[in-house]
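Let's take a walk through a protein model together.

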Amino acid sequence: GGCIPELWPQETVLARLHLSLFHWSGSFTRVGPVFPTSSPHLAPVSAPVTVLWPNPQVCEWRPPEELKRLLDLELRDAGEPHHRLLQRCQDVIRYSVKTNHPRFFNQLYAGLDYYSLVARFMTEALNPSVYTYEVSPVFLLVEEAVLKKMIEFIGWKEGDGIFNPGGSVSNMYAMNLARYKYCPDIKEKGLSGLPRLILFTSAECHYSMKKSASFLGIGTENVCFVETDGRGKMIPEELEKRVQEAKKEGAAPFLVCATSGTTVLGAFDPLDEIADICERHGLWLHVDASWGGSALMSRKHRRLLQGIHRADSVAWNPHKMLMAGIQCCAFLVKDKSDLLKRCYSANASYLFQQDKFYDVSYDTGDKSIQCSRRPDAFKFWLAWKALGTLGLEERVNRALALSRYLVEEIKKREGFKLLMEPEYANICFWYIPPSLRQMEEGPEFWAKLHLVAPAIKERMMKKGSLMLGYQPHQGKVNFFRQVVISPQVSREDMDFLLDEIDLLGKDM
């Protein structure tokens, strides 16, 4: 009863899809390098060219039910001809958010690194799984080289690590590894008979800490959220106080998770002071540097992570500030005694045979809770090879310089108010429409201001001109959080952001 789909030459289908992707993924007309960098090593491919992007929108918003109809999501018994599949692909691209658009500021990732994109094309075509050297020789060696270099930037003489599907998973690895170090018998005997384990983290930490405690059976009530100061940094004196209180209650402290680059405010905890407390009490120190870790690449800004070399483990996501492409997330451990492998290994005999004809120490897959694992280090490796350390450093410095430009522009403009002076790329501010500018800052003012950011966000999404995140936070009413990452972003985009918010909100 079914029909065989029309067969087109593969080159034709791919070429048409490539043109479609080019059409819909761009932004607006802009003159600039195809590979944006000032690295002298890239001079042949970074000469100015005129790139005409026909679609000015960051997104083409459709409500869920309408989008379901437009995409025709139903799966049927019979296959579809290639011309219809091509239209499906074009629709997917058309209605997806263009995260590489220079006016996409919604998340802690943005832009497009072309070298990483090439690497992703290659790994998708090769379809490897990184667990044994015999099936993934190149990508295991690449991962080893990248981890070694990242360990060097943290300031450790040696270490271990693995790439994971997300910073949340890296934080879970850290929690489980710290618990295993505290009580190794848990791997075989489980939770029964254990004391009440308790961990400490910042009140501004990533929500994955609660999820990890729940998932691992530690319990969210045993996550102690330590008070932060007005800038969102953990207060060391409060940490010391809470550790001592936990011990008096008969609990067993085993882990402190500090944050280098909090999600909303971009705050960096004081690592040296926290490390002193951990050493005094024998606690594992994990640093969630998923967002802020890339500052280590910059000689100018690495001071933000002063003391990170004293950590026992670190989470660092190159897919954020360094634009390696989602997902690219490293979990790094100072220990070099195979603690990671002892904690997670299951010694599957059909994969990790010990009598193979090569050095089986390269079969690193048993350090992971996964079996199949993507070669995420490769896209970071290829970008690093292309740009060099200096090019990656320049990427960080440029993003933070543009952030400072936006801060100064906010200060100049009527109707815009900073929450605080930022120390990283998170710029948090309110837009105060004309109707509220003469009102006293009392309960009514804040209640009305709370409604402004969501309303502007709805308008910008439906217009498609911009994407910017907002949130309430720690008792403060809704405010915008703008994050600069992509080197394709310019001062023109910073000016546009403020102009567009004013345009969308001035009648409120």
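**A guided tour**

Ser345 counts as buried, because its relative accessibility is 14%, and buried here means under 20% relative accessible area, with exposed being over 50% and partly exposed in between (1.4 Å probe, protein chains only). You'll find Ser345 in the loop between α11 (339–344) and α12. Helices like these are DSSP runs of H or I with at least four residues, strands are runs of E with at least two, and both are numbered from the N terminus. Leaving aside neighbours within four places in sequence, Ser345 is in contact with Lys187 and Asp366, where contact means heavy atoms within 4.5 Å.

Before going further, a word on what you're looking at: this is a predicted model, in which local features need pLDDT of at least 70 and side-chain atom pairs count only at pLDDT 80 or more, while totals for chains, interfaces and linings use all residues. Residues are numbered from 1 along each chain as its sequence is written, and side-chain values use heavy atoms, with hydrogens and water left out.

Now zoom out. The chain has 15 helices and 14 strands, and 54% of its 508 residues are buried. Take the contacts in the chain with a separation of 6 or more: 72% of them are between residues 24 or more positions apart.

What sits inside? In soluble globular proteins, nonpolar side chains tend to be buried together. A nonpolar core, as used here, is a set of buried Ala, Val, Leu, Ile, Met, Phe, Trp, Tyr and Cys residues joined through side-chain atoms within 4.5 Å. The largest one in this model has 111 residues, and Trp316, Phe429 and Ile501 have the most contacts inside it. Helix α12 (residues 377–412) gives the most to this core, namely 16 residues. Apart from this core there is another of 28 residues, including Ala252, Phe254, Cys257 and Val333.

Let's stay with α12. Within this helix lies Gly391, which is buried because its relative accessible area is 7%. Gly391 and Met297 are 94 residues apart in sequence, yet their C-alpha atoms are 9.6 Å apart in space. Glu394 also lies in α12, but Glu394 is partly exposed because its relative accessible area is 30%. From Glu394 to Met297 you'd count 97 residues in sequence, and 8.8 Å in space from C-alpha to C-alpha.

How does α12 pack with helix α15 (residues 491–505)? Two packed helices are described by the angle between their axes and the distance between the axes. For α12 and α15, the angle is about 35° and the axes are 10 Å apart. These axes are lines fitted to C-alpha atoms, for helices over the stretch in contact, and the angles run from 0 to 180 degrees between N-to-C directions. On the α12 side, Leu402, Tyr405, Leu406, Glu409 and Ile410 take part, meeting Arg491, Met494, Asp495, Leu497 and Leu498 of α15. Seven of the residues in this contact are nonpolar, none are polar and three are charged. For this sorting, Ala, Val, Leu, Ile, Met, Phe, Trp, Tyr, Cys and Pro count as nonpolar, Asp, Glu, Lys and Arg as charged, and the others, Gly among them, as polar.

Next stop: a loop with an annotation. Lys320 is in the loop between β9 (313–316) and β10 (329–333), and UniProt, in an unreviewed entry, lists this lysine under "modified residue: N6-(pyridoxal phosphate)lysine". UniProt positions are in the numbering used here, feature names are shortened, and annotations may be inferred rather than shown by experiment. Is Lys320 buried or exposed? Lys320 counts as buried, because its relative accessibility is 15%. Not counting residues up to four places away in sequence, Lys320 touches Leu108, Ser290, Trp291 and Ile485. Gln327 is in the loop between β9 and β10 too, and the peptide bond leading from Ile326 to Gln327 is cis, with omega near -5°.

Asp72 is a residue other than glycine with a positive phi, near 50°.
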